[in-house]
Structures are given as structure tokens and as C-alpha cells.
Amino acid sequence: MSDGVNDAQSVSAALYERALEVLPGGVSRNTVLRKPHPLYADHASGCRVTDVEGVERIDFANNMASLIHGHAHPAIVQAVTEQLKAGTAFTLATEVEIRFAEHLVGRSDRFEKVRFVNSGTEAVMGMLKAARAFTGRHKIAKIEGAYHGLYDYAEISQTAKPSNWGDETNPVAVPVAYGTPPGVLMDVVVIPFNDPERAIAILDRHKGELAGILLDLMPHRVGLIPASGEFMAALSDWTDEDGSLLLLDEIITFRSEYGGAQEWYDVRADLTAMGKLIGGGFPVGAIAGRAEIMDVMNPLVETVRFPHSGTFSANPVTMTAGLTAMELYDRQAVARVNQLARRAIVGIEDAIRATGVAACVTGRGSMFRVHLKANPPSNYREAFVTADESGRLKVLLDHLFDAGFLMINTCSATISTAMGESEIDAIVDAMAEGFAKIR
Ligand SMILES: Cc1ncc(COP(=O)(O)O)c(C=O)c1O
């Protein structure tokens with residue numbers, strides 16, 4: 001199969017030449033970069049994407065876990081097409097934003113009010129600002145290594161590495177972007193994942209200072225391991241006692257259960273940020289949670305503690321696509337994709353045993369991640385990809401790509417409702433062949 005990647009004459013290579021002239025690094029988002037050049041999509045349907053060279057692949061990346069029904073689902077295409085003809089954005093409210101908010105509030109008893117925004121980054125930023133406005137405190141705590149988008153405060157320590165992450169009893173707040181204001185570093189408390197003892201010891205040094213703890217329940221870059229019940233109980237008790245808020249980033253994990261991965265725990269989130277799948281393939285974000293907190297954005301009160309707006313927030317195209325997608329993603333659909341992911345995890349574990357490769361697979365709900373480590377990591381430092389692992393991971397990812405599979409570049413995969421057992425069994429077989437190559 002000619003994949004166009006090593007072919008200097010390919011359509012993709014020619015497009016990339018042009019892109020390099022006008023886009024930094026030739027891309028608009030670093031995630032699509034591949035060497036020697038990115039691949040360019042032509043069209044897609046269901047779980048299959050065809051690139052501009054005419055090569056079709058099964059899509060386990062799903063636009064970074066955002067396409068729960070795969071591509072061009074007929075019901076979403078039809079609903080959006082009708083909305084396009086009726087107008088795409090107004091300086092007026094629309095009924096569909098109410099219907100979508102009603103739908104989301106109906107999915108979880110932890111959601112009393114909702115605000116829509118345009119990305120996950122914006123949802124996390126809005127959630128942190130709401131928490132500050134409600135508590136009157138400005139510091140936040142976050143998990144070392146966890147990705148929450150681009151907001152200065154939320155991105156701290158996302159790319160920490162052995163040379164700068166410091167002692168594990170006191171992780172350093174490491175900036176991602178050059179020029180991050182020093183004040184941001186002072187206002188972010190970094191805690192280790194799934195280590196209640198160390199995390200609480202760190203938090204105790206900041207009693208009465210934090211607006212909240214920002215947390216992804218299964219942070220992808222921390223290893224795609226679910227938060228333990230013990231960890232969640234410890235954080236929840238700590239915030240209750242401290243008067244700070246539990247702030248969940250369910251931008252990816254909302255796909256895991258009908259009401260999000262928070263259903264796995266016996267704790268109540270104060271606010272939840274959502275994004276990705278709830279946009280039905282369009283840019284989206286949402287903040288949901290306790291009405292009392294969400295009311296910091298209420299423009300009807302005399303002093304609005306967190307004035308919030310956005311030109312394209314709750315635009316009717318996104319609302320229509322999102323509502324249609326989420327109505328289709330009912331309890332039965334959630335159970336089905338979760339069961340397919342389980343099948344993949346069991347199959348890959350069998351392949352690991354059969355090939356004797358030093359690897360393991362983590363994940364829950366409808367996602368999994370393959371690590372080239374003998375044992376599953378339990379935090380960011382253990383999940384950190386070494387130079388040796390990185391070289392072998394590249395061989396594995398290239399093998400999967402050549403075999404016709406699109407993966408998230410950490411060797412993670414997300415299942416869509418457009419998949420069936422045959423796609424799962426195909427990736428398990430390809431993974432087994434890949435393990436044999438890197439063993
Ligand atoms: C857990 C999590 N939070 C926040 C974001 C940021 O979302 P967006 O890319 O829509 O800004 C992402 C994106 O990958 C994410 O995975």
C-alpha cells in the first residue's frame with residue numbers, strides 16, 4: 001500500500017510545501033504533524049477516513065477523542081444541513097441551546113445549570129474563573145502531567161520532565177510556554193495523581209488558599225488510568241473541609257458513562273467542564289454544575305462576579321450537532337462502545353502475553369492506551385515515555401499506520417459507535433504483529 005508518507009511526489013507532500021510557507025511548521029495544530037509531512041484528509045464516513053492519496057484507514061483517533069459516532073453520521077449531517085439553511089449564528093438566543101442544556105442537565109444530577117463555550121480550553125478556563133469568583137480565592141491545584149488545554153494556569157506541569165519536575169513530595173510548577181508570568185507558577189499547586197497521602201500533604205500547606213482542585217478522572221497523558229476511589233474520596237473530603245471546589249475536566253471522559261466518568265465515584269463534583277464529543281463534530285465546550293456556583297455568571301444580579309460572553313458560544317450549528325449526537329449516545333450506545341473497548345483491551349493483553357513483549361494496556365470506558373512498559377503506570381512520572389520506549393513506540397505506531405489504523409500519537413485509541421467487533425479484532429491482530437516487530 002502506498003501511504004504517501006515516504007513519497008516525495010505525493011499530494012500530501014505538495015500540500016505541505018505550500019503549508020510551510022504560511023503556517024508555522026506547516027500546521028494549525030501540532031497533533032496532526034507527522035514526519036516527513038502530515039497526511040491530508042479527503043473525506044470520511046463512519047469509522048473510515050480516506051486521505052488525499054486515496055488511502056482508507058480505520059479511525060481510532062476520532063479527532064482526539066471527539067467523534068463519538070465517527071464521521072458524517074447521517075442524522076447529524078441532516079440536522080446540521082437544515083440548521084445551516086436557517087442561519088448559523090445570530091445576536092439572538094435560540095431554542096436549540098435550551099433543548100441541549102435540558103438534555104445535558106438530564107444526564108447527571110450533578111448538573112443544575114450549563115453554560116456553553118467553544119472549546120475545552122475555554123470550558124476549563126471558565127470553570128476556574130467561576131471557582132475563583134465563587135470562593136474569592138485565586139490559587140488552584142492540578143495534577144502533575146495532566147492536559148487541560150491552553151489556559152496558563154491549567155497547563156502548568158503538563159510537560160514536566162525528570163530534569164525539572166523536582167521531588168515527588170513537592171512537585172515543581174513547571175511552565176509550558178516561555179514567558180508564562182511568574183505569578184501563574186506561584187498560584188498553581190501541583191499534586192501527584194492517585195497518591196492521596198502525598199497529595200493531601202501538599203494541599204494541607206495551602207489550606208484556605210485554593211479556589212479548587214482541577215482534575216481529569218482518567219488523564220490521558222498521566223497514563224490513562226482511572227482515579228482511584230480512595231484518591232477521589234480524599235480530594236472530595238479535603239475540598240469540603242477547606243471550602244474549595246472539586247472541578248472536574250470531563251472533556252474526554254464524559255464519553256465513559258451516560259453522565260460522565262464521575263458516575264464511577266461516590267463524590268459530587270461542584271463544576272464539570274465538557275467538550276469534544278458533546279459538539280457532535282463541531283467546536284464546543286460547556287461548564288455545568290451547582291446552580292449556586294454557576295450563578296456567578298448570572299447577568300441578572302446587580303454585581304456579576306464573573307461576566308462571561310463569547311461571540312460563537314451556543315451557536316445553533318454546534319448546538320444542533322451536539323444535541324443530535326448526544327441523543328444518539330444513549331445508555332445502550334455507551335454500554336456498546338465500552339464493551340468494544342473491553343474486547344480490545346482483553347485482546348491486546350492476550351497479544352502481549354503471546355508475543356512476550358514488555359508492554360501493557362490501560363484505559364476504561366471507551367478508550368485504551370498501550371504503554372511499552374512491563375507494568376501499568378500509576379502516575380505521570382511512571383507513565384513518562386523514556387527515549388528507548390519512544391523509539392519502539394514509533395515503530396509500533398508506524399506499523400499500525402501502514403496496516404491502516406489511525407491512532408492518537410501516544411498509542412491511545414478511542415472507540416466510536418460506528419465500529420463493530422470486526423474493527424476491534426482487526427486492530428488487535430495488527431497490534432500483535434506490531435508487538436512481534438518490537439519485541
Ligand atoms: C482533558 C482535556 N481537557 C481540555 C482539553 C482542551 O480541549 P480543546 O482542545 O477543545 O481546547 C483537551 C483536549 O485535548 C483535553 O483532552
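Residues are numbered from 1 along each chain as its sequence is written, and side-chain values use heavy atoms, with hydrogens and water left out. Because the model is predicted, local features need pLDDT of at least 70 and side-chain atom pairs count only at pLDDT 80 or more, while totals for chains, interfaces and linings use all residues.

A pair of aromatic rings is described by the distance of the centres and the angle of the planes. Rings of Phe, Tyr and Trp (for Trp, its six-membered ring) pair if their centres lie within 6.5 Å; planes under 30 degrees apart count as stacked, over 60 as edge-to-face and the rest as tilted. A search of the whole structure finds nine aromatic pairs. One of them joins Phe100 and Phe116, which are stacked at 5.2 Å centre to centre with 15 degrees between the planes. Phe100 belongs to helix 4 (residues 95-107) and Phe116 to strand 4 (residues 113-117), so this pair ties together parts that are 16 residues apart in sequence. Here helices (H or I, at least four residues) and strands (E, at least two) are DSSP runs, numbered from the N terminus. Phe100 counts as buried because its relative accessibility is 0%, and Phe116 counts as buried at 8%; buried means under 20% relative accessible area, exposed over 50%, and partly exposed in between (1.4 Å probe, protein chains only).

Trp165 and Phe384 form an edge-to-face pair, 5.4 Å centre to centre and with 80 degrees between the planes. Trp165 lies in the loop between helix 6 (152-155) and helix 7 (182-186), and Phe384 in the loop between helix 13 (380-383) and helix 14 (387-402), so the pair ties together parts that are 219 residues apart in sequence. Trp165 is buried at 11% relative accessibility, whereas Phe384 is partly exposed at 25%. Ring pairs also bring in Tyr380, linking Trp165, Tyr380 and Phe384 into a cluster.

Charges also sit over rings, a term that requires NZ of Lys or CZ of Arg within 6 Å of the ring centre and within 35 degrees of the ring normal. Arg57 lies over the face of Phe401, at 3.9 Å from the ring centre, and Arg132 over that of Tyr153, at 4.4 Å.

Finally, an open sheet of three strands has the order 11-12-14, with antiparallel pairing; two strands pair if DSSP finds at least two bridges between them. Strand 11 (360-362) and strand 14 (412-414) are the edge strands, each pairing on one side only. Three bridges join strand 12 (residues 367-371) to strand 14, and Arg369 has Ser412 in strand 14 as its bridge partner.
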